[in-house]
Amino acid sequence: MTIDADTIIIGAGPAGLAAGAVLRRGNVPFVLLERAEHVGASWHTHYDRLHLHTPKRHSALPYRAYPRSYPRYPSRQQVLDYLDDYARAFDLQPEFGREAQRCTRFDDGTWEVSTNAGAYRGRRVVVATGYNRVPNAPRWPGQDSFPGRIIHSRDFTSGASFRGSRVLVVGFGNSGAEIALDLAEHGVHCAVAVRGPVNVIPRDLLGIPIIVWALALRPLPPRVADRMNALTLRLAIGDLATAGLVKSDVGPSFQVAERHQIPVIDVGTLARIRGGEIAVRRGVESFDGSEVRFADGTRDRFDAVVLATGFTTGLAAMFADHASLFDVQGRPCDWGRETAVPGLYFCGYDLVSTGMLRQIGIEAIAIGRDIVTKSRRGH
């Protein structure tokens, strides 16, 4: 059986909910599909200590602020409560347990979204499944000989379950840095494997959230913004070499704008590294039983490994007939508006220095208003 709808939104995370709220206010009928059994699925699987790295003022979705009682940086549970409240406020009722498997455009301009529980057909599709859809889990020579646990960061909840163990965190993005911090806070002997040069910025600079600085400097070319910030960041962060880290050859603004990578937002990890509670290792080369060999030839023994190696979007397989829509890493080449393929929109895939949730809100309003306008014109 095929279910008809004007617009099909795939994903009931922040982007999908925001797009749904805009369409609801515009009286455009839609169906909201979610493969999990709750809204904000990725937030349900994040580690316990996670807080927003951007202040609540700049992280709210369209038309609804975070509660005043929340701290500047809401916790994981507070974000989940906010998303649940947001869905109720705008009467967003996702169809749970619906995993989109393939999106097909027909000659008459309509779309069909095939799921594990039937097909949905509509004039437009908004894809809002996010970056954290498919865990990226690399493998190394000898890995099968490792006797301990190897888990992806998606399955990490708290350092409490690793007490008494020696744990290696592979990857030094924001998840890797914060998971290493969580392990150290629980007294776990921890090391983090860092493959290459990094940028590290504070969450607050001179008492002001770093996102506010990014917003102020956004009109400038990235390299100019980086030059203006260089001394202040150096004073705030210190010399990364003293923490065993190699500074990137480009600044954080350029890294985001041109390389589409978010710098590490430090919430205490550097202090633990400098204090000797978190060891820094080079990239992983291979496993030999419980020993891990690193790129510099050193070896160390571990009881468990956490892969903070990121995710892929998994979108290329969903849009097998439209490979040109994605770059080599599977990320959409266009977002926040109708793509070159009529009736198709991507929301929540723009990595920016001014905060993902803020950007999601901007994109959802633009997409929603475009759909509302086209719907009223009968397009």
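Guide: Hi! Keep in mind that this is a predicted model. Just after helix 6, Gly238 takes a positive phi of about 85 degrees.

Visitor: Okay, what about helix 6 itself, how many residues does it have?

Guide: Helix 6 covers residues 222–237, which gives it 16 residues. Its end C-alpha atoms are only 20 Å apart, short of the 22 Å that a straight helix would reach.

Visitor: Where does helix 6 bend?

Guide: At Ala230, by about 45 degrees.

Visitor: And which residues of helix 6 are buried?

Guide: Ala225, Asp226, Asn229, Leu233 and Ile237 are buried. As for their neighbours, these buried residues pack against strand 11 (200–202), strand 12 (204–205), helix 5 (210–217), helix 7 (252–259) and helix 8 (269–274).

Visitor: I also spotted Arg227. Is that one buried or exposed?

Guide: Arg227, which sits in helix 6, counts as exposed because its relative accessibility is 60%, and exposed means over 50%.

Visitor: How far is Arg227 from His46 in space?

Guide: From C-alpha to C-alpha they are 34 Å apart, and in sequence they are 181 residues apart.

Visitor: New topic: pockets! What volume does the second largest pocket have?

Guide: Its volume is about 330 Å³. The lining of this pocket is made of 19 residues, and Asn199, Ala230, Leu233, Lys247 and Pro252 lie nearest the centre.

Visitor: Let's jump to the start of the chain. What span does helix 1 reach?

Guide: Helix 1 (residues 14–25) reaches 17 Å from its first C-alpha to its last, close to the 16 Å expected for its 12 residues.

Visitor: How many of the residues in helix 1 are buried?

Guide: Helix 1 is mostly covered, with 10 of its 12 residues buried. Among them are Pro14, Gly16, Leu17, Val22 and Leu23.

Visitor: What covers them?

Guide: The cover includes strand 1 (2–10), strand 2 (30–34), helix 2 (41–45), helix 3 (76–89), strand 6 (118–127) and helix 10 (356–376).

Visitor: Last one: which residue just after helix 1 takes a positive phi?

Guide: That is Asn27, with a phi of about 60 degrees.

How values were computed
Residues are numbered from 1 along each chain as its sequence is written. This is a predicted model: local features need pLDDT of at least 70, side-chain atom pairs count only at pLDDT 80 or more; totals for chains, interfaces and linings use all residues. Side-chain values use heavy atoms; hydrogens and water are left out. Helices (H or I, at least four residues) and strands (E, at least two) are DSSP runs, numbered from the N terminus. The expected span of a helix is 1.5 Å times one less than its number of residues. The bend at a residue is the angle between axes fitted to the seven residues ending there and the seven starting there. Buried means under 20% relative accessible area, exposed over 50%, partly exposed in between (1.4 Å probe, protein chains only). Contact means heavy atoms within 4.5 Å. On a 1 Å grid over the protein atoms alone, a cavity is a set of points where a 1.4 Å probe fits but cannot get out, and a pocket is an open set with protein on both sides within 12 Å along at least five of seven lines; lining residues have an atom within 4 Å of a point. Grid points are joined across faces, edges and corners, and a volume is the space filled by probe spheres set on the points.
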